[in-house]
Amino acid sequence: MIFTAVFGDVAQAQERKKWSPQAKGTLIGGLGGAAAGALIHKRNRAVGGVVGGVAGAGVGYAIGKRTDNRRKEAARLAAIERAAANRAANERAERAALARRVAAAERKAELAQAKQQQQYPMMANGFAATTTPMMLTASNGPVAAGYLPNESYGDRNSAYGTSEVRRKSW
C-alpha cells in the first residue's frame, strides 16, 4: 500500500503527459533491438542485447523523428489553409458590408430626392422653373447678350477661353 501511495501519483502524472514520437520510437526500437540482439548472438546474449538495443533505439528514434516532422508539416499546411479560408471569409464579409453601405446610401439619396420633389413640385430635372436661364434665340443671341459662343464647352481637349491658345484662335 505504501508503494502504491508513493508511486501512484508518479504513474498518473506520466499518463497525463503524452510521449513524443521520438520517445516512443526509441523505446520500441530499443526493446525490439535488445530482444533481436539477444536471440541473434547466441554465445553472449547480454552483449547481443545491448548492441541490438542501442542500434534499435537509434533506428526507432529516426523513425519517430520522421513521423513527428510529417505531423508538424501537415499541421503547418492545415494552418495555412485555415488562414487562407479566414482571409477569404473576411474579404467576402467586407464586400457584403460595402454593398450594404452603398445600398443604404442610394436609398438615402432616393428618399432625399423624393422629399425634395414633394417639397418643390415645380422642379423639373432638379432645377426650379423660376431659376432656369432664358433660352437664347436669334433675336437675343449670344453676341447681343454680350456673350461669345463656346462650341467646345465640356470638351476636355480644348483650351479655356482665358488661355493664350484660345485667344489666338478667335
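Is Lys 72 buried or exposed? Keep that question in mind while we walk through this predicted model together.

1. **Ground rules.** Residues are numbered from 1 along each chain as its sequence is written, and side-chain values use heavy atoms, leaving out hydrogens and water. Because the model is predicted, local features need pLDDT of at least 70 and side-chain atom pairs count only at pLDDT 80 or more, while totals for chains, interfaces and linings use all residues.

2. **Confidence.** The protein averages a pLDDT (the predictor's confidence in each residue, from 0 to 100) of 78, and 63% of the residues score at least 70. Confidence is highest in helix H3 (residues 45–119), at a mean of 93, and lowest in helix H4 (residues 164–169), at 52. Helices here are DSSP runs (H or I, at least four residues), numbered from the N terminus.

3. **Asp 68 and Lys 72.** Now back to the opening: Lys 72 is exposed, with a relative accessible area of 51%. (Buried means under 20% relative accessible area, exposed over 50%, and partly exposed in between, using a 1.4 Å probe and protein chains only.) The two side chains meet in a salt bridge at 3.5 Å, N to O; the term means a side-chain nitrogen of Lys or Arg within 4 Å of a carboxyl oxygen of Asp or Glu. Asp 68 and Lys 72 are four residues apart in helix H3, so about one helical turn separates them.

4. **Other neighbours of Asp 68.** Leaving aside residues up to four places away in sequence, Asp 68 touches Pro 21 and Gln 22, where contact means heavy atoms within 4.5 Å. The side chains of Asp 68 and Gln 22 also make a polar contact at 3.3 Å. That term covers a pair of N or O atoms within 3.5 Å; within protein, one must be able to donate a hydrogen and the other to accept it, and residues adjacent in sequence count only if both atoms are side-chain atoms.

5. **Arg 76 and Glu 73.** The count of salt bridges comes to two. Besides the pair above, the side chains of Arg 76 and Glu 73 meet at 2.6 Å, N to O. Both residues lie in helix H3, three residues apart, about one turn of the helix. Arg 76 is partly exposed at 42% relative accessibility, and Glu 73 is partly exposed at 35%. Side chains of opposite charge can pair when their charged atoms come close.

6. **Leu 31.** Finally, have a look at helix H2 (residues 21–40), where Leu 31 is found. Leu 31 is exposed, with a relative accessible area of 58%.

Notes
Helices (H or I, at least four residues) and strands (E, at least two) are DSSP runs, numbered from the N terminus.
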